[in-house]
Amino acid sequence: MFVLNQWYVAGWDHEIDRAPFARVICGEPIVLYRKFDRSVVALRDACPHRLLPLSLGIREGDNIRCRYHGLLVDGSGHAVEMPDRSDRVHKSICTKAYPTVERHRFVWIWIGDAEKADPARVPDFWPCSHRDWTFDGGYNHLACDYKLVIDNLMDLTHETYVHQGSIGQPEILGAPIATHTEGDQVTVSRWMPGIDAPPFWRNALRRDGPVDRWQICHFLAPSSVIIDVGVAPVDAGATIQSHDQGVRGFVIDALTPESETTSHYFWGMARNFDVEDAGFTARFKKQQGAVFLEDVAILEAQQRSILANPGCKLRDFGIDTGGVRARQIINRLLAAG
Amino acid sequence: MFVLNQWYVAGWDHEIDRAPFARVICGEPIVLYRKFDRSVVALRDACPHRLLPLSLGIREGDNIRCRYHGLLVDGSGHAVEMPDRSDRVHKSICTKAYPTVERHRFVWIWIGDAEKADPARVPDFWPCSHRDWTFDGGYNHLACDYKLVIDNLMDLTHETYVHQGSIGQPEILGAPIATHTEGDQVTVSRWMPGIDAPPFWRNALRRDGPVDRWQICHFLAPSSVIIDVGVAPVDAGATIQSHDQGVRGFVIDALTPESETTSHYFWGMARNFDVEDAGFTARFKKQQGAVFLEDVAILEAQQRSILANPGCKLRDFGIDTGGVRARQIINRLLAAG
Amino acid sequence: MFVLNQWYVAGWDHEIDRAPFARVICGEPIVLYRKFDRSVVALRDACPHRLLPLSLGIREGDNIRCRYHGLLVDGSGHAVEMPDRSDRVHKSICTKAYPTVERHRFVWIWIGDAEKADPARVPDFWPCSHRDWTFDGGYNHLACDYKLVIDNLMDLTHETYVHQGSIGQPEILGAPIATHTEGDQVTVSRWMPGIDAPPFWRNALRRDGPVDRWQICHFLAPSSVIIDVGVAPVDAGATIQSHDQGVRGFVIDALTPESETTSHYFWGMARNFDVEDAGFTARFKKQQGAVFLEDVAILEAQQRSILANPGCKLRDFGIDTGGVRARQIINRLLAAG
């Protein structure tokens, strides 16, 4: 049902603190909290005694005490004190613990076999934590399968219609795309040379005049899409391979399945211009949130329609190549167990 | 589950206009809209590309453009423009189209095999569009199986209890009924000779004194009931076969299944008196709507009770003969596929 | 699914009056009302004709008339008048009737084979109706299996955490418990000799100084728990067997299953002190209701967690012995059919 043995975003770094935080990930109710050393504990959100959610419990030091009968569980999920404190604690009394890593502003959780958890496999969201870049974003709960969001992000022609009133631009439809698959990554590139920059990018570049513009969507298995976007003056020598001559941003989209038809959506934008301007960051986050709500309305309507039309199938056209390839990777990983 | 190869009311003539209109009929999500020539298009409400409801789309000429990636579909359900406009349109890219007919103030839709759609088979609601008659009514969404409404309408003894505070009249209980089946029609007739007219009919007739009163319920397969009601002065010579000597109305009840436990209810009254009096029409529609809400409360409670008492069965008494015969016709049509 | 051939509380004596009262008990929709002789009628809440809930009906004498077509049913569930009053009533036209008994301030209903109903088997809630005692309480609908409430009540160590802000007291954790099973009853006793009385009991006893305190939980099959609580001055000679030397109360908890995951909770307190003080009664009922809401929050969260973690099982520790034995009795009765 879900791709296992993967790192998923469990939350923003600022969502998870000392207090217990509950989130369902890949169908599993999980409680997260920080220890004094700031590391993040992730446990099955059910007391090993009578299954009361541990997220209702009381934090004590690096442990959590169940709010029902007082069983005390440590960060590895093992009981360290019984409800009747005179009882001996048995090793087998424990709840499942999940490996976590904090990186690039997110807390990642390993869903699958804990022994296989390798921090080196966390998707590389480097612009989110690079000192020359600025990053911020938000969170939405989505009433749709995360794969519908992947489809959406790997084909930006939807901007013309879904974002008609905001960021949609007819030039996008005209530009040819190139799709490339390598390992567990898919890249869809769109290069728009010598066009008139749209207002956002003109402002970012702080000048008028023709630009080269790019949109490069990277799917990173199991469920992230990073979109490299930006413009450079036409005379600056930017290419599809190398384009740091102008202004550049990375649209960050990390999806985490909640159930088969709901998901967690962590989004944001990292940029290498106006990096010290906190007001710019806040204004852009507000705009980006509004644009994503346009997608949310479409994606949730699509999910409802899929459920209401069980006899109908999604069709793939040329524009869907990026999403098709991403789903091929997802299906391969699912089949591999 | 539903009787196929039938015309069902999809909507009032005034409900469906140029803007897309969504309604689920016999379990199928359908979008309806009018073309410039006023004819009504009915399509499966799912874009053939990624299944987004077409009802969220943008109307262009006689076509509709999907709001997600811009696929343009014509009134026959076929794609006429691809999301990437340079792509060739393939014939197989289409969504299901449903035959429609506009007649007697309603838009009718054919559910079943489109090739069998025969406008001559639209139920004959002639009083709704006859120049000597006036017709108006309303719509209710019902949380019950449409067959419970048929039962209700084919046995007017319920008026005594359900409509105790409004139109219920003890005389109805006393009058004998005759039931007659012919083809796909069932008729239940109640003739009340020489009675005192109730207030509504006295007012309609514009005089006091004894009247002959009739209630003749016609079930028309698959799911309509027309009730011929009225009074005539006792000396006017009205008979059960011919009764245009006084004032006459047709209560119109067209049911369209939405699901097995929900339905669309189109109701109204056609009359041959005070036909130019728009105020009378409006006042009567308001009263009729209030009376039907009394039925709605009962019907939805009955449906909930049926679901909550799976071991219990509906029993048929003498008064239910009309409904029993209507259900026999429905079951025969269901069995015939 | 439910333990049959048992008396369950159908309602408080004051909940059920002449007007029909609907409640689902052990999955069966039931209507209850009083006859002129104050006895309580309990019928399947579905008219034998078309299943409309009888609870929507009209009370006439000791009978109830269906609100749909007017079938009149008597207190034994048999039709006594047909919708068409000229029709003969057939004996087979009836809805299921349930034996009831009113005792100890509650109306009890027999779920199972009516012929086996024996009023002598009603659980003995004698303090609720004893002239030297005062009793009052309330009702809550719970979104949890009643067995979770039994577990809760048979192990009062939960008070320390669930009722931390109200009645929780650390001494309870320290006191040893004794568990005893006899027939369909389980008793968990906790004797706390020579302790400092908590504020409530000091006030009840009207003096300071050390007391002997007891909590004796009695599970009575199928689903009641009565907790004998109180204190006596240390020098008064109270024992676990005999303790009327001080102040004493019985916490009354009667559970009635509604579905597998919802239940009716009737609770209260009978006491043998300040028995004439109506203000004390009202204040205590308010406090007790607030304390039970703390349990409700935990119990409903536990139920949701059980459903959300289908792979996880409840574990039993030493403190759960009382609940474990109660469930053994429940399972034995279930197996016996």
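Modeller: Before I name any neighbours, here's the rule I'm using: two residues are in contact if their C-beta atoms, placed from the backbone, lie within 7 Å. Also keep in mind that this is a predicted model. Chain A has a mean pLDDT of 95, with 97% of its residues at 70 or more, and the model as a whole scores ipTM 0.92 and pTM 0.93.

Setting aside neighbours within four places in sequence, B:R34 touches B:I16, B:D17, B:R18, B:S39 and B:V40. Another arginine, B:R105, is 71 residues away from B:R34 in sequence, with 15 Å between the two C-alpha atoms.

In chain C, strand 3 (28–34) is part of what covers the buried residues of helix 5 of chain B. The cover there also includes strand 11 (134–142), helix 1 (146–153), helix 2 (159–162) and strand 17 (263–271), these four belonging to chain B. The buried residues in question are B:F284, B:F292, B:D295, B:I298, B:L299, B:Q302, B:Q303, B:S305 and B:I306. As for the helix itself, helix 5 of chain B has 31 residues (278–308) and runs 44 Å from its first C-alpha to its last, close to the 45 Å expected at 1.5 Å a residue.

Helix 5 of chain C can be read in the same way. Its 31 residues should span 45 Å at 1.5 Å a residue, and the end C-alpha atoms are 44 Å apart, so the two figures agree. The buried list for helix 5 of chain C is C:F284, C:F292, C:D295, C:I298, C:L299, C:Q302, C:Q303, C:S305 and C:I306. They pack against strand 3 (28–34) of chain A, along with strand 11 (134–142), helix 1, helix 2 (159–162) and strand 17 (262–271) of chain C.

Helix 5 also turns up where the chains meet. Between chain C and chain A, 19 residues of chain C are in contact with 18 residues of chain A. On the chain C side, helix 2 and helix 5 are the elements that give two or more residues, and helix 5 has the largest share, with six. By class, that side has eleven nonpolar residues, seven polar and one charged.

Between chain A and chain B, each chain puts in 19 residues. Helix 2 (159–162) and helix 5 (278–308) of chain A each supply at least two residues of the chain A side, with helix 5 giving the largest share, six residues. That side is made up of eleven nonpolar, seven polar and one charged.

How are the copies related? Chain C superposes on chain A by a rotation of 120° with 0.0 Å of shift along the axis, at an RMSD of 0.0 Å. That is the relation of a three-fold axis. The C-alpha of chain C nearest the axis belongs to C:L307, at 13 Å. For chain A on chain B, the superposition takes a rotation of 120° with 0.1 Å of shift along the axis, again with RMSD 0.0 Å. In chain A, the residue closest to the rotation axis is A:L307, its C-alpha at 13 Å.

In chain A, the axes of helix 1 (146–153) and helix 6 (321–335) come within 8 Å and cross at roughly 145°. A:K147, A:I150 and A:D151 make the contact from helix 1, and A:G323, A:A326, A:R327 and A:I330 from helix 6. That gives three nonpolar, one polar and three charged residues. In chain C, the axes of helix 1 and helix 6 also come within 8 Å and cross at roughly 145°. There, C:K147, C:I150 and C:D151 meet C:G323, C:A326, C:R327 and C:I330.

Key
Residues numbered from 1 in each chain as written. Chains lettered and ligands numbered in written order. Predicted model: local features only at pLDDT ≥ 70, side-chain atom pairs only at ≥ 80, totals over all residues. pLDDT = per-residue confidence, 0-100. Axes fitted to C-alpha atoms, helices over the stretch in contact; angles between N-to-C directions. Nonpolar A, V, L, I, M, F, W, Y, C, P; charged D, E, K, R; others polar. Least-squares fit on C-alpha atoms with pLDDT ≥ 70 in both. Expected span 1.5 Å × (residues − 1). Buried ≥ 20, exposed ≤ 12 C-beta atoms within 10 Å, placed from the backbone.
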